[in-house]
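Colleague: Could you walk me through how the descriptions of this structure were reached? I'd like to see each label set against its cut-off.

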Amino acid sequence: MRPNASLRVYILNWNSGALGATCLDAVLRSTGVRPDPIVIDNASTDGSRARLAEMVGTERVIALGENRGYAGGMNVALEDLRRSGLEYGLLLTQDVIPEPDALARLVDAMCADPGAGVVGPVIVYRERPERILGAGGIIDRRTVRAPCLRTVQRARPYPVDWLDGCCLLVRSAAAQAAGGFDEAYFMYYEETDFCHRVRRRGWSAVLAPDALVHHDKSAVPSRAYYFYMTRNRYRFWQKNFGIGTPRVTLSVAEETARVFASWMRSLLVPSRWPERTERYQRLRGQARGAIAGTAAHLRGRYGPMQGRADG
């Protein structure tokens, strides 16, 4: 990579409060690259769009008329990247904080591998940076699951099945070949689907183990998380592998059973009693998400969750 090369960075914002400004500030403090930030705003109503505009200028904010979720918002970024004629660009969500050298390391990994269509970092919990939240992911047809990996396999960049969409360096040619993000997902699983289609078209998804990004995560995921993860799971497996509803339902049920077993252990083992409330909340969220997400899939209701505007 050329020292201090310019890098187009797209930050997807939706009612981020102070998080978006913290993310943008970290991007602007990056070393080894000259960040060229553009904010994609998903119709925020909390004043965060104006705050970000003050930091980068109103001409660098693309304001959408509605909340189009991750997939829709990032497709706007990919289209802007295509029109710009740039070889690659970075997609970020509002809740990440890259280490100062993370962006340069991602670009280094992409430049070193002409076959890399997407490159991602190791993601750690912002609250507990010693814990890995994700280091790429695998697609397991046997279990009908696509779990993220929690350990780094080796020191140099290496291929994985998919990468977390919170921080994704995308080669424009690969994105165009794959057709962008599938907006039926709205949010969650769309990056797994995207990376899979990129790989099917001859590109690779590469983890850069020396690039580190901190992700802001609450202790217990939201109701929307469980809903989208369940519903979109059906779409991913059916669309890409022809695996039907009964088999995916069995996998969802097995996962819910594992969450139930974890909650039961927290009741029976005294050392885990402090975890009881959190594990119960996870169990309730998983069960309700499994039911509501399955029902939405059976009704063919994709896109944003009805009655809510999560983004």
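Modeller: Gladly, and let's start with handedness: a crossing is left-handed if the near helix is turned anticlockwise from the far one by less than a right angle, and right-handed if clockwise. Please keep in mind that this is a predicted model.

Colleague: Thanks! Which handedness does the crossing of H7 and H9 have?

Modeller: H7 passes H9 in a right-handed crossing, so by that convention the near helix is turned clockwise from the far one.

Colleague: What makes H8 and H9 roughly antiparallel?

Modeller: Helix H8 (residues 245-268) and helix H9 (residues 276-299) pack at about 165 degrees, with axes 8 Å apart. The cut-off for roughly antiparallel is over 145 degrees, so H8 counts as roughly antiparallel to H9. The crossing of H8 and H9 is left-handed.

Colleague: Which residues do H8 and H9 bring to their contact?

Modeller: On the H8 side they include Val252, Val259, Phe260, Trp263 and Leu267, and on the H9 side Tyr280, Leu283, Ala287, Ala290 and Leu298 are among them. The residues of the contact of H8 with H9 divide into ten nonpolar, six polar and four charged.

Colleague: Let's turn to single residues. How do you know whether Val248 is buried or exposed?

Modeller: Val248 lies in helix H8. Its relative accessible area is 0%, and buried means under 20%, so Val248 is buried. Leaving aside neighbours within four places in sequence, Val248 is in contact with Val144, Arg233, Tyr234, Trp237 and Ile243.

Colleague: Val144 is on that list. What places Val144 among the buried or the exposed residues?

Modeller: The relative accessible area of Val144 is 2%. With the limit for buried at under 20%, Val144 is buried. Val144 lies in the loop between strand S7 (132-134) and strand S8 (158-160). Beyond its neighbours within four places in sequence, Val144 is in contact with Arg233, Trp237, Ile243, Arg247, Val248 and Ser251.

Colleague: Now the strands. Why is S9 called largely enclosed?

Modeller: Five of the five residues of strand S9 (residues 167-171) are buried, so S9 is largely enclosed by the rest of the structure. Both faces are covered, with Cys167, Leu169 and Arg171 buried on one side and Leu168 and Val170 on the other.

Colleague: What makes S4 and S6 partners of S9?

Modeller: Pairing requires at least two bridges. S4 (residues 88-93) joins S9 through five bridges in the antiparallel sense, and Tyr88 has Arg171 as its bridge partner. S6 and S9 have two bridges and also run antiparallel, so they meet the requirement of at least two. Val119 is bridged to Leu169 in S9.

Colleague: Which strands pair with S10, and in what sense?

Modeller: S5 (residues 96-98) pairs with S10 in the antiparallel sense over three bridges, with His214 as the bridge partner of Ile97. S6 (residues 116-125) and S10 pair in the parallel sense over nine bridges, and Val122 has Leu212 as its partner. S8 is joined to S10 by three bridges and runs antiparallel, with Tyr158 opposite Leu207.

Colleague: How do you know that S10 is mostly covered?

Modeller: Ten of the twelve residues of S10 (residues 204-215) are buried.

Colleague: One more: what makes S1 largely enclosed?

Modeller: Eight of the nine residues of strand S1 (residues 5-13) are buried, so S1 is largely enclosed by the rest of the structure. Nine bridges link S1 in parallel to strand S2 (residues 33-41), where Arg34 is the bridge partner of Ser6.

Terms used. Residues are numbered from 1 along each chain as its sequence is written. This is a predicted model: local features need pLDDT of at least 70, side-chain atom pairs count only at pLDDT 80 or more; totals for chains, interfaces and linings use all residues. Side-chain values use heavy atoms; hydrogens and water are left out. Axes are lines fitted to C-alpha atoms, for helices over the stretch in contact, and angles run from 0 to 180 degrees between N-to-C directions. Helices (H or I, at least four residues) and strands (E, at least two) are DSSP runs, numbered from the N terminus. Angles under 35 degrees count as roughly parallel, over 145 as roughly antiparallel, 65 to 115 as roughly perpendicular and the rest as oblique. Contact means heavy atoms within 4.5 Å. Ala, Val, Leu, Ile, Met, Phe, Trp, Tyr, Cys and Pro count as nonpolar, Asp, Glu, Lys and Arg as charged, and the others, Gly among them, as polar. Buried means under 20% relative accessible area, exposed over 50%, partly exposed in between (1.4 Å probe, protein chains only).
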